[in-house]
Amino acid sequence: MRPVTEKRGTVAELMREWIFDLFDGEGINANRMAERLIVNLGERSYPIWFGSDLGAEVRAKLAEFTAAGRKVAIVTDQTVATRQAAALAAMFGATPVLALAPGEATKSLAELGRVLDFLAAQRLDRTSVLFVVGGGVIGDLAGFAAAAYLRGIDFVQMPTTLLAMVDSSVGGKTGINLTAGKNLVGAFHQPRGVFVATGLLATLPPREFAAGMAEVIKYGLLGDAGLLAQLERAPLTVNSPELAAVVRRCCELKAAIVEADERELAQEGGRALLNLGHTFGHAIEQVTGYGAYLHGEAVAIGLCAAARLSEKLGAIGAVEVARVDAVVAAHGLPTRLRAPLALGELRAAMARDKKVRAGGLRFVVLKALGAAATQGGIDPALADASFAAVGAV
Ligand SMILES: NC(=O)c1ccc[n+]([C@@H]2O[C@H](COP(=O)([O-])OP(=O)(O)OC[C@H]3O[C@@H](n4cnc5c(N)ncnc54)[C@H](O)[C@@H]3O)[C@@H](O)[C@H]2O)c1
Ligand SMILES: [Zn+2]
């Protein structure tokens, strides 16, 4: 005898129904609502909504939570709270909000404590929902607070930087920095939904937009030759009509990678592919003390170095390396170090990178423009030469 609760239908139908159950009421509004993408992670699956202005969708979701007796609170940063004051007021009304100082220094134990105290002061319980509105700093910090508070409450990401829209708000990595290094404490805690409202980027400083483009270019290089060609034909700007579609494509690529390797356990490929350009980039950030270069700027130079490493390994040619440089430069990003950095220091920083596995240097290399692979046992001399080619001495 079958249990009475059994549901029949195609996997897709059941999945859709199941998602609606998870994120209550979605089915009712599905036709009216903006475009969405599902990140399929079993019981941790969630939708990402895309649109220029998702105010109506956010208000509808808040009303649902309230009707179900679920308390809501918001964490954001002071810059977002100021620059997007009207949008936030229109969406969230009188919902309690904590606005922290902007900047990487906020991803600290002290600020984590502040967020947790705020959640407790608002008397959030296990049914409550935290809305995290901001760039990757707020997403990582408040996402981690949601993972830890009462051993984990639901949270919703509302990214406000390009980097957060295409990268940090999808995939469930949350965390903070220690004095000893970046992202050393954290948790995998998937959001219950992500609202990607690209209209919020209108107030983002151009330098921050460009930094986010480094990650967009990264997606093209590692997994979508068509996306790369599109960026080569016409550099993407905050006013490009195709902005929302490009952001969506990046989320699709990231979702597919995360779905296949949620906890970055794959021996080869998998989630580690998202680190294309990042072993070089993290070393630049570390040696310069996280001040001179934005993360995306360091990654941009890292992509150019990774292209050279791939060339030295015989996977791509000089023409492809030149194409990588050109698309990076066309988006207002550096292709070389602005001032020389010592190879010895960069090498030491790479050796400390938690992503570099024991037993030799491991990099993400390009097999072609649009295809990447992880490769271990890289001759350190080749990594040095690649770094030298982008200005290290
Ligand atoms: N969890 C992940 O998977 C993941 C992935 C990549 C990066 N990250 C993390 O993300 C962080 C970087 O994120 P980021 O680049 O978004 O930085 P950020 O959060 O510091 O935002 C950059 C700046 O833009 C401002 N800002 C944000 N939205 C704005 C808007 N709409 N208008 C005007 N100003 C706005 C912020 O106040 C800040 O000054 C790093 O800590 C990094 O480690 C996490
Ligand atoms: Zn990155």
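**Burial, contacts and packing**

Tutor: Gladly! Leu119 is buried, having 24 other C-beta atoms within 10 Å. This is a predicted model, in which local features need pLDDT of at least 70 and side-chain atom pairs count only at pLDDT 80 or more, while totals for chains, interfaces and linings use all residues. Residues are numbered from 1 along each chain as its sequence is written, and chains are lettered from A and ligands numbered from 1 in the order in which they are written.

Student: Why is Leu119 called buried?

Tutor: A residue is buried if 20 or more other C-beta atoms, placed from the backbone, lie within 10 Å of its own, exposed if 12 or fewer, and partly exposed in between. Leu119 has 24, so the label is buried. Buried residues make up 47% of the 393 residues in the chain.

Student: And what makes Ser52 partly exposed?

Tutor: Ser52 has 14 C-beta neighbours inside 10 Å, so it counts as partly exposed. Ser52 sits in the loop between strand 2 (46–51) and helix 3 (55–67); helices (H or I, at least four residues) and strands (E, at least two) are DSSP runs, numbered from the N terminus.

Student: Which residues does Ser52 touch, leaving out those up to four places away in sequence?

Tutor: Ser52 touches Ala197, Thr198, Gly199 and Ala244, where a contact puts the C-beta atoms, placed from the backbone, within 7 Å. Ser52 and Gly199 are 147 residues apart in sequence, yet their C-alpha atoms are 4.5 Å apart.

Student: What describes the packing of helix 12 and helix 15?

Tutor: Helix 12 (residues 278–287) and helix 15 (residues 343–352) pack at about 115°, with axes 8 Å apart. Axes are lines fitted to C-alpha atoms, for helices over the stretch in contact, and angles run from 0 to 180 degrees between N-to-C directions. Thr279, Ala283, Gln286 and Val287 of helix 12 meet Glu345, Leu346, Ala349 and Met350 of helix 15.

Methods
Two residues are in contact if their C-beta atoms, placed from the backbone, lie within 7 Å.
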